[in-house]
Amino acid sequence: MSPDRVHIFDTTLRDGEQSPGFALDGEQKLILARQLERLGVDVIEAGFPISSPGDFEACRLIAREVRRPVITALARAVPQDIDAVWGAIREAERPQIHIVLSVSDIHIERKLGLRRDEVIRRGEKAVAYARELCDEVQYSPEDAGRADRDYLAETVERMLDAGATVINIPDTTGYCLPQEFGELVRYVLANVRKPERALFSVHCHNDLGLAVANSLAAVEAGARRVECTVNGIGERAGNASLEEVVMVLRVRQAALGVETGIATPQIAPTSRLLTDLTGVGVQPNKAVVGANAFAHTARSGRHAFKHRLRVLGIVLGDEQVQPAWERFLSVADRKKEVTDADLIEISAFVKREIARSA
Ligand code: KIV
Ligand code: ZN
């Protein structure tokens, strides 16, 4: 049986870009969106159109130009926001409106000043309105990680009845433990009528360093879409890192039984493009894309070597692999650590030498 597909929802241009130090202009956003398309993400969240005319225009540009992935943008549960999203993304090949409204008591009381039943009614109206405009509507009950789970399940069911096609469960404050978050997703799936009416997604923040672990726990519980950002950028400690989620699902596919549509050789170029555009680098020891990420596996064999080349987007011909491996071993003998930069250099050297002797 072929493994189940987990859809990758990239929010680098919305949740990532909103965080201080990561601002991009419309042209830069389009460049990144095109690379995300090459990377093979299923959904691009292009922005929050009501937030500024610049963001609205950037979303519109991406919706027009980037045709393969679903293009979505964020709205609060009010008609002005929903109209702004629709105005910005309606020309997309596959548009989706994303609505967010709080579900935890702390948000409902302190942020909205409403009662639980009023929040549900506001959500229903927003979803029904958005569905009049667009076939695909995602509903995110914000701060679900700290919400009462029965109220969360009731909210989800009512949004499904109102026409939501995707339900996204966010751990907005990065508060949950993996087991807890997995159980929350399992509980919601088990306690709403006909959950198969929607695709279930998750969105985890990294305040306690658990965003990737929580996302994976949710996948094990049945979620089939993960929201994440390149290099894990995002407010405070960031969002679940796309490259980490994807590589865990790839490397441990036999254990987890799911796959993504991501072209892993495009991960390193995408990470580098983001750091070039924002001027913000990744820590050298960052998993998967950090400059030293390969160092600790340098002596773990030819298989790991070839795998790392693939992650970096380096393609070697059959006749190039053996000389590259030998050169790698001699570099590894000389240096304490072999970094990604060394691998790029080794591959370039071998390609040059073979081309010269041909
Ligand atoms: O963190 C959050 O809850 C969000 C929602 C808009 C999904 O970013
Ligand atoms: Zn978020």
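Contact means heavy atoms within 4.5 Å. This is a predicted model: local features need pLDDT of at least 70, side-chain atom pairs count only at pLDDT 80 or more, and totals for chains, interfaces and linings use all residues. Residues are numbered from 1 along each chain as its sequence is written, and side-chain values use heavy atoms, with hydrogens and water left out.

**Exercise 1.** Find what Ser-104 touches, not counting residues up to four places away in sequence.

*Solution.* 
- Ser-104 sits in the loop between β5 (95-102) and α5 (105-112). Helices (H or I, at least four residues) and strands (E, at least two) are DSSP runs, numbered from the N terminus.
- Ser-104 has 0% relative accessibility, so it counts as buried. Buried means under 20% relative accessible area, exposed over 50%, partly exposed in between (1.4 Å probe, protein chains only).
- List the contacts. Ser-104 touches Glu-142, Asp-143, Arg-146 and Ala-147, leaving out residues up to four places away in sequence.
- Look for a polar contact. The side chains of Ser-104 and Asp-143 are joined by one of 2.7 Å. The term covers a pair of N or O atoms within 3.5 Å; within protein, one must be able to donate a hydrogen and the other to accept it, and residues adjacent in sequence count only if both atoms are side-chain atoms.

**Exercise 2.** Classify the ring pair of Phe-305 and Trp-325.

*Solution.* 
- Recall the cut-offs. Rings of Phe, Tyr and Trp (its six-membered ring) pair if their centres lie within 6.5 Å; planes under 30 degrees apart count as stacked, over 60 as edge-to-face and the rest as tilted.
- Count the pairs. The structure holds three aromatic pairs.
- Apply the cut-offs. The centres of Phe-305 and Trp-325 are 5.3 Å apart and the planes lie at 50°, so this pair is tilted.
- Locate the partners. Phe-305 is in helix α13 (residues 302-311) and Trp-325 in helix α14 (residues 318-334), 20 residues apart.
- Ring pairs link Phe-305, Trp-325 and Phe-328 into a cluster.

Methods: Chains are lettered from A and ligands numbered from 1 in the order in which they are written.
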